[in-house]
Amino acid sequence: MSETSLIALARQRAIESSLPYAGALTPTEAYALLQQQDKAILIDVRTNAERDWVGRVVLAETQHHAVQWSLYPGGTPNPDFLTQLADICPDKATPLLFLCRSGVRSRHAAKLATEHGYTLCLDILEGFEGDKNTLGHRKSVGGWCQHGLPWVGA
């Protein structure tokens with residue numbers, strides 16, 4: 001699927017679900033967009049601890065950055081989220097793909113970034129680990145890892 005088609009699909013999902021940001025892509029679609037659009041940036045909004053202990057995506061350094069939505073320990077909101085995002089991406093027209101564990105914090109981050117002038121904020125559905133399976137474990141029901149996309153870690 002072409003970059004234009006992927007963005008159109010993401011925007012269609014935004015319309016269908018009344019999303020307050022540009023759209024949403026599955027992990028596989030997000031990875032395809034990142035492969036086609038070298039200016040697109042994946043913003044991992046999980047905590048540093050999550051990335052260190054659970055794993056992280058493997059992408060070119062120019063396309064993968066971390067900006068914690070909440071801080072560990074304690075889970076308090078990151079007061080510097082927008083400043084850190086602006087340091088990474090001063091061009092508000094850059095496609096930004098937000099990723100978290102299972103797709104909740106990434107939606108909040110995409111919404112906030114949109115409210116502050118970023119025009120192409122996309123949520124990565126399912127997140128990095130996806131939902132829990134019947135045994136309560138992640139990485140087997142949806143998510144970046146389950147789809148076999150590049151990652152390293154636990």
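Predicted model: local features only at pLDDT ≥ 70, side-chain atom pairs only at ≥ 80, totals over all residues.
Local features need pLDDT of at least 70, side-chain atom pairs count only at pLDDT 80 or more, and totals for chains, interfaces and linings use all residues. Residues are numbered from 1 along each chain as its sequence is written, and side-chain values use heavy atoms, with hydrogens and water left out.

Helix H5 spans residues 105–115. Helices (H or I, at least four residues) and strands (E, at least two) are DSSP runs numbered from the N terminus. Arg105, Ser106, Ala109, Ala110 and Ala113 of H5 are buried (under 20% relative accessible area; exposed is over 50%, partly exposed in between; 1.4 Å probe, protein chains only). Seen down the helix axis, these buried residues fall within an arc of 135°, so they line one face of H5. The arc is that of the directions from the axis to the C-beta atoms. Their cover includes helices H3 (48–53) and H4 (81–88), and strands E5 (70–71), E7 (96–99) and E8 (121–124). Gly117 follows H5 and has a positive phi, near 100°.

The structure holds four salt bridges (a side-chain nitrogen of Lys or Arg within 4 Å of a carboxyl oxygen of Asp or Glu). One of them joins Glu50 to Arg105, with the closest N and O atoms 2.8 Å apart. Glu50 lies in H3 and Arg105 in H5, so the pair ties together parts 55 residues apart in sequence. Glu50 has a relative accessible area of 16%, and Arg105 one of 17%.

Arg13 pairs with Glu29 at 2.5 Å between the closest N and O atoms. Arg13 lies in helix H1 (residues 3–17) and Glu29 in helix H2 (residues 27–36), so this bridge links parts 16 residues apart in sequence.

Terms used. Contact = heavy atoms within 4.5 Å.
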